[in-house]
Every structure is written in C-alpha cells, then in structure tokens.
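Please keep the sequence and the structure in view while reading.

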Amino acid sequence: MSTPGVRVLAGLAAAATALGVAQLVAVLVGPKADARTAVGSAVIDLTPGPVKEWAIQTFGTADKMVLTVAVLAVIAVLAAAAGLLEGPRRPIGSAMILAAAALGGSAVLSRSGSRPADVVPTVVGAVCGVLVLRLLTARARAGVETADAPDRGRRASLLGLGFLTAGAAAGVLGVVLARLTTSVSGDRQTFAIPRAALPSAPIPPTVQPSGVTLPSFVTPNTDFYRIDTALTVPQLSRADWRLRIHGLVDREITYRFEDLDDFEVVEKVVTLTCVSNPVGGELISNAVWTGYRVADLLGRAGVRADADMVLSMSVDGWTAGTPVQALTDGDALLAVGMNGEPLPAEHGYPARLVVPGLYGYVSATKWVVDLEVTRFDRAQAYWTRLGWAERGPIKTASRVDVPRAGADVALGPVTFGGVAWAQDRGVRAVEVQIDDGPWQQAQLGTAYSGDTWRLWSFPWEARDTGFHTITVRATDNSGYTQTSERADPVPDGATGWHSITFVVR
C-alpha cells in the first residue's frame, strides 16, 4: 500500500479504535454515556424541519438507518483526512480527533438526565484514537525513510488493519453488551397487561371487505408504523418509570407504575396517523390499546381553568403539545398494552399516550414520563418549534391499496379496494372514479367507530386494455368531502386525492 494509503488506513483505524473503545467503556458507565446515540440524536435535533420531512418522505421508517450510514460515512471521510494531515510537529489529525471528542462530549451532556461522568467513555476513546493515529503514522513515515520501505509499509498496513478490525469489533461488542444490559425485554415478558373493566366492543368480521386483499383492520404490532426521533429505542423498566404531572395544576403528582392500579382499565380501538403521511402513504395503523384515561390521571392533579395545553415529554426529551380538551374528554389513554400484549419497546414500553383524532406529533408521546399542564402561548413542543402547526387534527383522507401502481389487471371482473380515515369523525362514504368517468360509490366495510379507519372495496369490469387510473375520495360523518387540492404534509398534514395508474391486459 502506498504511503498516502497507509495514512488513510491509519486515520480509519484511529477512528474505529476511538469509537470502539468509547462504546465498550460506555457499557460500564451507563446508557446516557453512549456518544454514538448522543451524536445521532443531536444531528436529528439540529436538522432543519424541511430536511427531516424530506428524509421521512424519502426513506420512511428506514430514515434512522440512513442517518446512521450517513454519519459513519462522514466519520470515515474525516478520519481519512486526519490520517493524511497528521505530522510529527503538526499533529492536525490528533487535533481533529480531540475536536470530534469535544463535540461528542457536548452531545452526551446535552441529553436529558446526563451526568459529567458520562463523558468519560468519549474521553478514553479519544485518547486511544490519538495514540493509535500517532503510532501508525510514525510507522508509515519510518517505512518511507528506510531502505526496507516496502516491508515496513506492508507491516504498517497490517498493523493498521489490525487496529481497524479490533476497533470495529469492540464497537459491535459494545452495542451488543449495551443492548443486553439495558434491554427491557425481560421486564416486558413478566408484565401481564391488566384486564379491562371497560373492554372495547367486539370487532365484527364484516369490517373487512370480501373479495379483495386489504390491510388487516387491526394492524399487527410488527407491522405498525414507527416514526420518532429516537435513534436508539429507549429502554425504560416499569420499576424506573415515573409520570410527573405539574404546571398549572392544583397539586403536583408523580405516579409510579404500581399507582396505576388505582385507576379503571380501559380498552379502545384507535387508528393513529403520522402528520408526515403523504397522499396515499402508509404511515397509518390501527390497534387495540389497553390503558388508563389520561383524564383520570390529570383529575387527581386538578387542571386549572386557564390551562389549554399539556406538554408531554418522553424519557429521551422529545415533547408534544396536546390541547387539554383532547386529554380530558375521556378518550385519551395512557396506554400500557397494544393488541393484547405489553407495548413493544419500539412503541413506548412501558407507557405511552394514545389520543384519538390528533396527528402523532401533537399527541402520541412514547416512553412518556412528564406532563406539564401549561398554555400554547407559554410553551412549544419539538415539532412546533420547527414550524409545524400547534394543533394537529387529522384530516379526512383515503387511499387505494388494490391495485398497486403499475399493476397488471386481467380483463373481466375485478375488485379494487383500500382504506379511508377521518379520526375522530368517522367515514360516511367512499367514492371511486375510473379514468374520467363519474364518481361511483364504493362498498364499505362495517364502521367500527369514529376513531378507526374504514376499509372499502369496489367491483369493476375491466373491458378495455391499456392504461387506466383509479382515484378515491372520502366523506366523513360531518359531511365534509376531502379536497382535491394537493398540499404537502407541512405544516398540518397532506391533502389531495390518491390516484393509481394500472394496466389492463
């Protein structure tokens, strides 16, 4: 390998060593000391709102993986530059590693609940990275300055590859150990969700239209969409969970998990929707939730008359601003169960908010630990600070699921279908248009409640070969028919009719 190549390898090996050692030491210090997660979270927090929205629209639920790859790519480029710039008298590369460690330490300290000791793994990793960089670049220079340069160069390259491999292995081991030591999977397995005093009404089979394969009325937990800012899923046990209610209340209260036994258990079927869902998008799912009325929890604290917003916070510091009325009307839940199981960690274990009729960015706080009763003119939540609307009522919308875009449809009878939603008003009718023809009524699955989506089907006779378009629109129970006017999700949800082009052959 050429001398520049050896130097690049030295920089990469130094970065891998720094990251790997920091990851391993963080296991001993605690989860808040994980610089990898802290830096990724800081990048998410500092990214402008439009860029975040672009990432969600482009990558959907894979946005965090893309971010991780992008951060690693940037680190690799900077590490290569550090190796090339490192010199015996001008240790620029070492300075770059120390500067990166300073930024990482700042990100660690910026996390909610962090301690000064949490920067120790970052410091230790940086020192190790500098030592490796100095060693490898010195070997590279020695190889150039001696007669046996090729042999020394090969040895330097092998040493660099050894440090690179060891650093990467240490990092992977650190991630695995961190998951094993902090995972709440055991805590979740021992939790039996409480039996509901007020169970949800049975779901009739007729909610699912016949003759067409549509999404299940109740979305399995593994398929339920997930959009949040948590780069690493928070691991919060029932024993460590607290819910503090404070602010404009008569008395401040902090609930432990066992305190929830004092409240009536309620079960509700509620469809949740992400405000980033584009026209025809799939960021919507339906589940059976088990939990406790937020109104009951707030009632003990006594909400003051001048309060109009509750700022909820997750254990990782994310916030949502929800109208007080939406949390005190009896429908909002502090959910602990999902589809008959304890909440999955990815969906908020051990407790989260479920608020019918509002987009998730103003309501669906996972891993919730704090409710501050306040006012919209006094506090701003995470997304509203980035320009999204303060209040996010879900808009009436519909989607074509069958056929898929570009699908082949055989001549003869066929059944199309999809879903429509208008939480918490409910869907009254769905209409379908084929090409430029008249709007025709679709057949609806049985309506379950205003808080859930409604599935529809449409029988059609395919007579003409070639390209065709199907368009759908819904009317809610207030009499409003969704508009054809296209609007982006920012600032309060997308609008427009969903159309699909297919081919009859």
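## Overall picture

A residue is called buried when its relative accessible area is under 20%, exposed when it is over 50%, and partly exposed in between (1.4 Å probe, protein chains only). By this definition, 51% of the 505 residues of the protein count as buried. The model is a predicted one, in which local features need pLDDT of at least 70 and side-chain atom pairs count only at pLDDT 80 or more, while totals for chains, interfaces and linings use all residues. Residues are numbered from 1 along each chain as its sequence is written, and side-chain values use heavy atoms, with hydrogens and water left out.

Along its principal axes, the C-alpha trace spans about 85 × 70 × 40 Å. The protein has 10 helices and 19 strands; helices (H or I, at least four residues) and strands (E, at least two) are DSSP runs, numbered from the N terminus. A contact means heavy atoms within 4.5 Å. Among the contacts with a separation of 6 or more, 75% come from residues 24 or more positions apart.

Two strands are said to pair if DSSP finds at least two bridges between them. An open sheet is formed by 5 strands in the order S2-S1-S10-S5-S6, with mixed pairing. Its edge strands, S2 and S6 (319-323), each pair on one side only. From one strand to the next, the twist averages 15 degrees; here axes are lines fitted to C-alpha atoms, for helices over the stretch in contact, and angles run from 0 to 180 degrees between N-to-C directions.

Strand S5 (residues 309-314) pairs with S6 in the antiparallel sense, over 5 bridges. Within this pairing, Met-309 has Pro-323 of S6 as its bridge partner.

## Helix H2

At the start of H2, a side-chain oxygen of Asp-34 comes to within 3.0 Å of the backbone nitrogen of Arg-36. The buried residues in H2 include Ala-35, Thr-37, Ala-38, Gly-40, Ser-41 and Ile-44. An α-helix has 3.6 residues a turn, so residues three or four places apart point the same way.

## Salt bridges

A salt bridge is a side-chain nitrogen of Lys or Arg within 4 Å of a carboxyl oxygen of Asp or Glu. The structure holds 21 of these salt bridges. One of them joins the side chains of Arg-300 and Asp-262, at 3.8 Å from N to O. This pair links distant parts of the chain, 38 residues apart: Arg-300 lies in helix H9 (residues 294-301), and Asp-262 in the loop between strand S2 (253-256) and strand S3 (265-273). Arg-300 is partly exposed at 39% relative accessibility, whereas Asp-262 is exposed at 52%.

Another salt bridge brings together Lys-268 and Asp-331, at 3.4 Å from N to O. Because Lys-268 lies in strand S3 and Asp-331 in the loop between helix H10 (324-328) and strand S7 (333-338), the pair ties together parts that are 63 residues apart in sequence. In a further example, the closest N and O atoms of Asp-492 and Lys-395 are 3.0 Å apart. Asp-492 lies in the loop between strand S18 (466-476) and strand S19 (498-504), and Lys-395 in the loop between strand S10 (368-374) and strand S11 (397-402), so this pair ties together parts that are 97 residues apart in sequence. Asp-492 is partly exposed at 28%, and Lys-395 is partly exposed at 23%. Salt bridges with shared partners also join Arg-226, Asp-228 and Lys-366 into one network.

## Backbone details in loops

Trp-367, a residue other than glycine, has a positive phi near 50 degrees. Trp-367 lies in the loop between S9 and S10 and is buried, at 3% relative accessibility. Asp-435 likewise has a positive phi, near 55 degrees, and is partly exposed at 31%.

Terms used
Polar contact = N/O pair within 3.5 Å; in protein donor to acceptor, adjacent residues only side chain to side chain.
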